There are 2 protein chains.
Amino acid sequence: MQISMHAMSHGVFKKALSQLLHVMEKGVANAKARNFDVSVLVNSRLAPDMLPFVRQIQLASDFAKNSLARLAAVDPPKMEDTETTMDELLARVKKTLDYLDSVPSAALEGSETRPIVIKLRDRTLEFQGLEFLQIWALPNFFFHHVTAYNLLRHNGVDIGKRDFLGR
Amino acid sequence: MQISMHAMSHGVFKKALSQLLHVMEKGVANAKARNFDVSVLVNSRLAPDMLPFVRQIQLASDFAKNSLARLAAVDPPKMEDTETTMDELLARVKKTLDYLDSVPSAALEGSETRPIVIKLRDRTLEFQGLEFLQIWALPNFFFHHVTAYNLLRHNGVDIGKRDFLGR
């Protein structure tokens with residue numbers, strides 16, 4: 001084991017998304033056990049002006065795949081954000097995991113100094129690869145991942161930190 | 001800039017905790033503007049059986065300082081978890097930031113292969129340093145950090161992802 005840009009992106013995203021699948025599956029089982037439609041969870045929000053669960057999952061997927069692709073200097077697969085059901089969201093996360101594994105670690109060699117430009121609606125951000133990973137890719141990814149977890153937890157799904165961490 | 005265990009622990013925690021301070025300060029200002037006691041935020045929870053804001057901050061602090069100390073093979077400063085007010089929590093985060101800066105980056109050289117043992121109530125976890133950072137330290141840290149953010153957001157504090165990220 002050696003520290004590398006690949007280990008600190010792919011290695012973090014892969015484990016976290018695998019746990020996200022597990023937490024989502026517990027949401028499905030909980031809706032069944034409590035006899036409500038799982039779409040209530042899919043559309044739930046922590047505040048009226050905050051993105052719903054479905055968008056949190058799409059964005060966690062985006063930050064994982066797009067960040068790895070940017071570091072590898074390749075184009076990420078475009079996913080159309082058409083999911084409306086938990087089954088479709090589970091498939092989205094699995095597809096994201098497959099993509100992460102398809103990027104060879106060698107493609108990230110030297111990416112710590114690679115210039116990365118992010119165009120947002122109202123401004124453009126410029127990073128070197130290391131800083132991009134430290135203060136953009138990882139915080140953004142976890143922001144949406146943990147918010148998805150919190151949405152399920154807030155709605156009474158029987159999950160705990162051990163489900164989130166996987167150990 | 002070069003990727004290192006120090007860059008991927010200290011560098012991530014420091015930026016994130018600085019943004020946590022900012023978000024907490026917006027909570028203080030919002031309570032004042034809406035004319036309620038900020039202790040409502042300090043004691044708020046996303047679910048009745050979930051830890052309140054005060055514990056989320058203490059745990060974010062713990063995972064930052066204790067993880068860096070473990071990687072450096074030094075004893076972390078013990079903080080007594082006696083905070084009950086937002087002012088005390090702000091001081092706790094500042095003290096944590098000071099500690100992070102006091103650990104020399106050289107102390108983490110080679111820490112990617114350092115054996116790390118975590119004793120929990122009911123089990124013992126063993127990691128090498130890199131895996132500890134990937135699947136324990138970073139996810140645990142962001143778990144509590146993002147949950148603290150979500151608690152404020154859920155309670156109507158006027159924060160957005162830009163406050164969380166700082167760019």
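Trainee: Hi! How many residues of chain B are in contact with chain A, and how many of chain A with chain B?

Mentor: Hello! Keep in mind that this is a predicted model. In it, 46 residues of chain B touch 46 residues of chain A.

Trainee: Thanks. What area do the two chains bury between them?

Mentor: About 4,400 Å² for chain B and chain A, with 65% of it on carbon and sulfur atoms.

Trainee: And which residue classes make up chain B's side?

Mentor: The side of chain B that touches chain A holds 24 nonpolar, 11 polar and 11 charged residues.

Trainee: Okay, on to charges. How many salt bridges are there between chain B and chain A?

Mentor: The count is 4. One salt bridge joins the side chains of R153(B) and D49(A), at 2.9 Å from N to O.

Trainee: What about polar contacts across the interface?

Mentor: The rule finds 14 residue pairs in polar contact there, both partners being at pLDDT 80 or more.

Trainee: Which elements of chain B give two or more residues to the side touching chain A?

Mentor: Those are helix 1 (5–34), strand 2 (124–128), helix 5 (129–154) and helix 6 (161–165) of chain B. Helix 5 of chain B gives the most, with 18 residues.

Trainee: New topic: what rotation superposes chain B on chain A?

Mentor: A rotation of 180° does it, with 0.0 Å of shift along its axis and an RMSD of 0.0 Å. So the two chains have the relation of a two-fold axis.

Trainee: Nice! What share of chain B's contact residues recur in chain A?

Mentor: 100% of them recur, and the same surface serves both copies.

Notes
Residues numbered from 1 in each chain as written. Chains lettered and ligands numbered in written order. Predicted model: local features only at pLDDT ≥ 70, side-chain atom pairs only at ≥ 80, totals over all residues. Heavy atoms only, no water. Contact = heavy atoms within 4.5 Å. Buried area = accessible area lost by both parts, 1.4 Å probe. Polar contact = N/O pair within 3.5 Å; in protein donor to acceptor, adjacent residues only side chain to side chain. Helix = DSSP H or I, 4+ residues; strand = E, 2+ residues; numbered from the N terminus. Nonpolar A, V, L, I, M, F, W, Y, C, P; charged D, E, K, R; others polar. Least-squares fit on C-alpha atoms with pLDDT ≥ 70 in both.
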